Amino acid sequence: GGSGVGTAASLPSAASEGADAAPRQFASRVDAEAVAREVLRLGSAGQHDAVLRVLGDNVGQGAGGHATARKAFLRISMLIHPDKLPGFVDATKAFQLLVSAFDRTTQASAAAAVRSKGPGVATLARSNEGCYRTEVMCPRCHVLWGQKCEGNPDYFYNFMMEGLRCFNCATCLLSFGCLTAVHRCPFCHDVFEYGPDIYHRKVKCGSAKCSKSFGFMLFHASEQALKTAREQVRRDLERSMATEEAKTGRAARAARRAGQADPNMEEVAFAMGLKDTCPRCGLALEDYEDGEQMRHLRSCTDASAHKAHNERERQRAAAEAAASAKAKAQSSATSGAAWAFVGGGAERLWMLDAEQLRKRCKEAGLPTGGPAEALIARLGERYPDRGTQAVDLPSNLHALSDAKLAAVCAAHGLSGQSSREERLGALEELHEDAVAAAVEDRKRGAKKALAAGATGKAKAKAKPLALEDGPKPKAKTKAAVHKLRLFAKSKAATKAKAKAKGVASGKAGAKGKAKAKAAPGKRPGGGGAGAAGSGKRKRA
């Protein structure tokens, strides 16, 4: 992105400033400041790929990869870090733009890699041209969500609009998502219907007085923030799955206990004092004296009041059904968005609910009938890397229902289990095999590291030998050679004198030993005189 102004060839060269040390340092400083100014210019213009190309590295879409981008980032950061440029005013800003450019470039590359893994995996990088941060309000109290006082980062708007997470209202504490929230047009402020499928498209609000099209803002999130969000989304999804299964189980048990519903049971319960509201007219009694409910039923014969009450009950039931349908759609959209956000793949198909599985089967041209494990088995055949990815099991494995356990087994290609115990045993065995394989991989990595360290030590030890075997030193001058010869001659003469002296002293010692043997009564070296002297001293 650019006319080549930010390449290494166009920046000032250190070698062109002079050959002395001081000019070279000055040239390096000027070069670093030029790089920082170029980073400021390109980063402010939003040319993130071009920021990493200022030193000539091949970084960008379809060029290089994460390793190339990281290498370019390290090279530039060594030049423009604020500690390296204490006299440059905008050094901190330039370094922040460099970090932002590296994050955005690597995220775009990761999104391209995720798109190639399989069907149904969403991307996280696009343009924000013509996009707005639309107003999202709580469906209960209609208070605006996402205000600065709540303390949420901007990229939480992405998670809300993609259906990844539900958030609590700061006023009434209601938990809601993008499908249950109230959305307003950024131009006419009318309410419009929203779904996660239109987040990456430009739409119109549908109002008669507004014909403008708009998109939805996608805020930047760092890789660390996305990693934390994936972990949080995974935990929330497993928790909601467990809650939904428990609720479904309770409803099924209650339906079995109740059996066939009797329309007259409500009147009987009201007459017995078990209900406070009349099932005919909806009147809530304030007096709870004995027999008051029965007396009211005997006098409750107004047909118009009964009709109005039935209409209110019908509207209430319709509103409850709509809210339940929205909540179910929100849960389904959250499961689909979470599956795509954590990486997708066949091993995570158990995260999708039945509606999402049928939707993806329909998109892939597969049959949409049957239970969840059958749908997962059909979809799993469409992933070429199935079986090569890491084992991904839910953390609450023993708390799952039989149907969900069957779905997890189908996602990992396990079949033939007919009972809950068999499915749990197969999944635990799969987990143990994965743990053992991970341990073996770590051992092999440790062995390779040790071998690499031993090789490095051997090379370090062999380095002095290699230096000795290197090129011979230059020939010395004639004066130096003559001095060395004189020194060698004097050293040889000294050695010869020392040797001759040693030989002479050896001969003298041998003569003394021979005399001592010839006169045993006398001590060697004047022993007799010494003895006579000692005798004289004794007599004295």
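Predicted model: local features only at pLDDT ≥ 70, side-chain atom pairs only at ≥ 80, totals over all residues.
Residues are numbered from 1 along each chain as its sequence is written, and side-chain values rest on heavy atoms, with hydrogens and water left out.

## Overall content

The chain contains 15 helices and eight strands, where helices (H or I, at least four residues) and strands (E, at least two) are DSSP runs numbered from the N terminus. Of its 540 residues, 30% count as buried; buried here means under 20% relative accessible area, exposed means over 50%, and partly exposed lies in between, with a 1.4 Å probe and protein chains only. Among the contacts in the chain with a separation of 6 or more, 54% come from residues 24 or more positions apart, a contact being heavy atoms within 4.5 Å.

## The largest pocket

The largest pocket holds about 1,600 Å³ of space. A pocket is an open set of points on a 1 Å grid over the protein atoms alone, where a 1.4 Å probe fits and protein lies on both sides within 12 Å along at least five of seven lines, and its lining residues have an atom within 4 Å of a point. Grid points are joined across faces, edges and corners, and the volume is the space filled by probe spheres set on the points.

The lining of this pocket comprises 48 residues, of which Ser 240, Glu 244, Ala 327, Lys 328 and Ser 331 are the closest to its centre. Two or more lining residues come from each of strand S4 (175-176) and helices H6 (223-258), H9 (303-341), H10 (354-363), H11 (372-380) and H12 (402-411), and the largest share, 11 residues, belongs to H6. By residue type the lining divides into 20 nonpolar, 13 polar and 15 charged, with Ala, Val, Leu, Ile, Met, Phe, Trp, Tyr, Cys and Pro counted as nonpolar, Asp, Glu, Lys and Arg as charged, and the others, Gly among them, as polar.

In H10, the buried residues are Gln 356, Leu 357, Arg 360 and Cys 361. They lie on the same side of H10 because they cover an arc of only 135 degrees around the axis, the arc being that of the directions from the helix axis to the C-beta atoms. These buried residues pack against H9 and H11, while the face of H10 turned away from the buried side carries the exposed residues Lys 362 and Glu 363. After H10 comes Gly 365, whose phi is positive, near 75 degrees.

In H11, Leu 375, Ile 376, Leu 379 and Gly 380 are buried. Their arc around the axis is only 130 degrees, which puts them on the same side of H11. The elements that cover the buried residues of H11 include H10 and H12.

## Cysteines

The structure holds zero disulfides, a disulfide being a pair of cysteine sulfur atoms within 2.5 Å. The sulfur of Cys 166 has its closest cysteine sulfur in Cys 178, 7.8 Å away, which is too far for a bond. For Cys 169 the closest cysteine sulfur is that of Cys 141, and at 3.5 Å this too is too far for a bond.

## Single residues

The following table gives the accessibility of several residues.

| Residue | Relative accessibility | Class |
|---|---|---|
| Cys 166 | 36% | partly exposed |
| Cys 169 | 4% | buried |
| His 309 | 8% | buried |
| Ala 69 | 3% | buried |
| Lys 84 | 56% | exposed |

The contacts given below leave out residues up to four places away in sequence. His 309, placed in helix H9, touches Cys 278, Pro 279, Arg 280, Cys 281 and Gly 282.

Ala 69 lies in helix H3 (residues 66-80) and touches Leu 52, Val 59, Phe 102 and Thr 106. From Ala 69 to Thr 106 the C-alpha to C-alpha distance is 7.3 Å, although the two are 37 residues apart in sequence.

Lys 84 belongs to the loop between H3 and helix H4 (91-115), where it touches Met 78 and Leu 79.
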